[in-house]
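Welcome! The notes below will guide you through what to look for.

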Amino acid sequence: MDAYNPRTVEEVFRDFKGRRAGMIKALTTDVGEFFQQCDPEKENLCLYGFPSEQWEVNLPAEEVPPELPEPALGINFARDGMQERDWLSLVAVHSDAWLLSVAFYFGSRFGFYKTDRERLFNMINDLPTIFEVVTGSAKKHTNEKLLVSNHSSKKSKSNSKDEVDDGIEEEDEDEHGEALCGACGENYADDEFWICCDICEKWFHGKCVKITPARAEHIKQYKCPSCSGNKSARPS
């Protein structure tokens with residue numbers, strides 16, 4: 001494990017976000033590589049996330065007690081005994097628990113007071129969990145295939161429907177504002193291009209799955225990295 005020791009609430013939260021981003025990457029955009037590394041024939045393996053937003057599948061630390069809390073042990077053993085989606089969800093749940101344990105280990109080690117611990121928890125709680133990102137339970141979208149920035153071009157058919165149409169528009173914008181990228185877990189922004197997987201119906205930043213608006217115009221059925229089983233998206 002890395003020797004980096006954050007000492008303030010902001011530093012611990014930054015550490016948390018980096019580790020979280022790495023683990024989300026392992027379970028979404030890099031899922032093909034992650035699956036291969038979790039060979040059930042190998043010894044007990046753990047999924048580690050690092051502040052640098054990288055991930056690693058490796059054996060647990062040998063020192064007892066370890067420098068930091070350890071993630072779930074033996075995630076590779078259940079790989080072939082479950083549906084892949086269920087297995088990834090299980091790893092995601094344990095990853096969430098590990099991230100919290102590491103964050104509050106730092107908080108305890110460096111003497112965070114009640115107000116600091118509460119502030120750290122609130123900052124963490126504002127982010128969707130890894131489980132929510134991986135399963136798409138944070139926000140399901142089943143409508144249009146692409147999210148684009150122009151949502152204000154709708155026109156009412158008659159003056160009597162203006163208020164209804166305005167309400168629908170506001171509802172759509174609220175829904176888009178709550179969208180979470182299935183790769184990085186960040187929220188939707190008006191100036192970003194998004195694409196929806198036609199298989200699992202999760203939304204992704206185009207930049208996260210390397211799909212441009214021009215390329216999306218020629219995709220009949222888009223499969224995200226997780227559904228395609230590769231490290232990069234494979235459109236049809």
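How much accessible surface does the protein chain have, and what share of that surface belongs to carbon and sulfur atoms? The accessible surface is about 13,000 Å², and carbon and sulfur atoms account for 48% of it. Keep in mind as you explore that this is a predicted model.

**The chain as a whole**
- You can find eight helices and five strands in the protein chain.
- Going along the sequence, their order is α-α-β-β-α-α-α-β-α-β-β-α-α.
- The protein chain has 236 residues, and 40% of them are buried.
- Take the contacts between residues at least 6 apart in sequence: 63% of these join residues at least 24 apart.

**Helices α1 and α3**
- Start with α1, which covers residues 9-27, and α3, which covers residues 84-109.
- Their axes lie 10 Å apart and meet at an angle of about 165°.
- Because angles over 145 degrees count as roughly antiparallel, α1 is roughly antiparallel to α3.
- The crossing of these two helices, α1 and α3, is right-handed.
- On the α1 side, the contact is made by V12, D15, F16, R19, R20, M23 and L27; on the α3 side, the residues include L88, W98 and F106.
- Sorted by class, this contact of α1 with α3 has 13 nonpolar residues, one polar residue and three charged residues.

**Helices α3 and α4**
- Helix α4 spans residues 114-125 and packs with α3 at an angle of about 155°, with the two axes 11 Å apart.
- α3 and α4 are therefore roughly antiparallel to each other.
- Their crossing, that of α3 and α4, is right-handed.
- L100, A103 and F104 of α3 make contact with R117, L120, F121 and I124 of α4.
- In this contact of α3 with α4, six residues are nonpolar, none is polar and one is charged.

**Helices α1 and α4**
- The angle between α1 and α4 is about 30°, and their axes are 10 Å apart.
- Angles under 35 degrees count as roughly parallel, so α1 is roughly parallel to α4.
- The crossing of α1 and α4 is right-handed.
- From α1, the residues V9, E10, V12, F13 and F16 meet D116, R119, L120, M123 and I124 of α4.
- The contact of α1 with α4 has seven nonpolar residues, no polar ones and three charged ones.

Terms used. Residues numbered from 1 in each chain as written. Predicted model: local features only at pLDDT ≥ 70, side-chain atom pairs only at ≥ 80, totals over all residues. Heavy atoms only, no water. Axes fitted to C-alpha atoms, helices over the stretch in contact; angles between N-to-C directions. Helix = DSSP H or I, 4+ residues; strand = E, 2+ residues; numbered from the N terminus. Parallel < 35°, antiparallel > 145°, perpendicular 65-115°, else oblique. Left-handed = near helix turned anticlockwise from the far one by under 90°. Contact = heavy atoms within 4.5 Å. Nonpolar A, V, L, I, M, F, W, Y, C, P; charged D, E, K, R; others polar. Buried < 20%, exposed > 50% of the residue type's maximum accessible area, 1.4 Å probe, protein only. Areas by Shrake-Rupley, 256 points an atom, 1.4 Å probe, with all protein chains shown as cover.
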